[in-house]
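Have the sequence and the 3D view open side by side for this one.

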Amino acid sequence: MISKLPHWAWTGAWVLAFIAGTVNVVGLLGFEHQAITHLTGSTSMLAIGLAEGNARDIFHFAGILGSFVLGTVLSGLIIQNQAFQLGRRYGFALMLESALLFIAVPLLHRHELKGLYCAACACGLQNAMMTTYSGTVIRTTHVSGMFTDLGIALGNRLRGLPVDAKRVRMCLLIISGFLCGGIIGALAYQGLQADTLFIPAGITATMSVGYGIYRLKKTR
């Protein structure tokens with residue numbers, strides 16, 4: 001499936017990973033020190049809350065998980081198909097992600113948990129959207145799978161087995177995007193605090209407009 005991706009999709013994958021890396025750092029450096037772009041840690045924290053009977057943690061981490069899933073549901077409702085096709089409403093999905101990140105900023109400034117939920121919803125929307133057009137090959141909001149695939153490729157190479165070079169390139173692309181986004185997010189947070197989310201919000205809005213222009217040119 002990766003070999004069938006258009007060239008611009010590779011750039012888009014890096015940018016989306018960059019966005020996720022920035023958003024996650026804001027969550028980790030914020031008032032709750034909360035990971036936003038993936039659910040592994042939050043699921044474990046929910047399990048701990050359930051085991052300890054901690055109502056506050058139960059509702060909070062269930063809220064993070066539910067918000068992320070809500071974002072994936074919205075992606076399914078908007079895009080409505082798993083195969084990439086020009087004309088699908090990716091521009092609208094990107095603009096909705098941007099709006100959710102913009103809404104999160106003032107809420108985070110007031111230390112309201114709803115800001116984290118908005119950001120988590122935006123990340124769920126992004127992750128499902130990327131999965132939708134890449135055939136469940138690419139995840140842009142977390143990198144565990146990318147590191148796993150790199151390890152598998154290295155193991156295969158050591159055994160003398162063939163390796164999918166494009167898959168390796170995509171893994172490195174996503175990892176580097178997520179890492180760079182985290183670095184920029186951490187540096188920006190020192191002066192901007194929650195306003196750092198305006199960076200990924202602005203990028204997604206720009207991507208939405210750019211996709212709209214691209215679509216118009218292709219359909220003429």
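How many nonpolar, polar and charged residues are in the lining of the largest pocket? By class, the lining has 10 nonpolar, 3 polar and no charged residues. Here Ala, Val, Leu, Ile, Met, Phe, Trp, Tyr, Cys and Pro count as nonpolar, Asp, Glu, Lys and Arg as charged, and the others, Gly among them, as polar.

## About the model

This is a predicted model, so local features need pLDDT of at least 70 and side-chain atom pairs count only at pLDDT 80 or more, while totals for chains, interfaces and linings use all residues. Residues are numbered from 1 along each chain as its sequence is written, and side-chain values use heavy atoms, with hydrogens and water left out.

## The largest pocket

The largest pocket holds about 280 Å³ of space. A pocket is found on a 1 Å grid over the protein atoms alone, as an open set of points where a 1.4 Å probe fits, with protein on both sides within 12 Å along at least five of seven lines; lining residues have an atom within 4 Å of a point. Grid points are joined across faces, edges and corners, and the volume is the space filled by probe spheres set on the points.

Of the 13 lining residues, Trp8, Gly12, Leu94, Met207 and Tyr211 are the closest to the centre of the pocket. Helix 1, helix 4, helix 5 (113–134) and helix 8 each supply at least two residues of the lining, and helix 1 gives the most, with 5 residues. Helices are DSSP runs (H or I, at least four residues), numbered from the N terminus.

Take a look at Ser98, which is found in helix 4 (residues 90–109). Ser98 is buried, with a relative accessible area of 2%; buried means under 20%, exposed over 50%, and partly exposed in between (1.4 Å probe, protein chains only). Leaving aside residues up to four places away in sequence, Ser98 touches Ala201, Thr204 and Ala205, where contact means heavy atoms within 4.5 Å.

Gly210 is found in helix 8 and is partly exposed at 34% relative accessibility. Gly210 and Gly91 are 119 residues apart in sequence, yet their C-alpha atoms are 8.2 Å apart in space.

## Charged pairs

Side chains of opposite charge can pair when their charged atoms come close. How many salt bridges does the structure hold? There are 5, each being a side-chain nitrogen of Lys or Arg within 4 Å of a carboxyl oxygen of Asp or Glu. One of them joins Glu32 and Arg56, at 2.6 Å from N to O. This pair links distant parts of the chain, 24 residues apart: Glu32 lies in the loop between helix 1 (7–29) and helix 2 (40–52), and Arg56 in helix 3 (residues 55–79). Both ends are partly exposed, Glu32 with a relative accessible area of 23% and Arg56 with 41%.

Arg56 also forms a salt bridge with Asp57, where the closest N and O atoms are 3.7 Å apart. Asp57 is buried, at 17% relative accessible area. Elsewhere, Glu112 forms a salt bridge with Lys114, with 3.5 Å between the closest N and O atoms, and Glu112 counts as partly exposed at 22% relative accessibility.

Most residues other than glycine have a negative phi. Which way does His33 go, positive or negative? His33 has a positive phi of about 50°. The residue sits in the loop between helix 1 and helix 2 and counts as exposed at 57% relative accessibility.

Gln193 also has a positive phi, near 55°. Its place is in the loop between helix 7 (165–192) and helix 8 (198–219), and Gln193 counts as partly exposed at 36% relative accessibility.

## The cysteines

The structure holds 0 disulfides, a disulfide being a pair of cysteine sulfur atoms within 2.5 Å. For Cys118, the nearest cysteine sulfur is that of Cys121, 7.3 Å away. Cys118 counts as buried at 16% relative accessibility.

Cys180 is partly exposed, with a relative accessible area of 31%.
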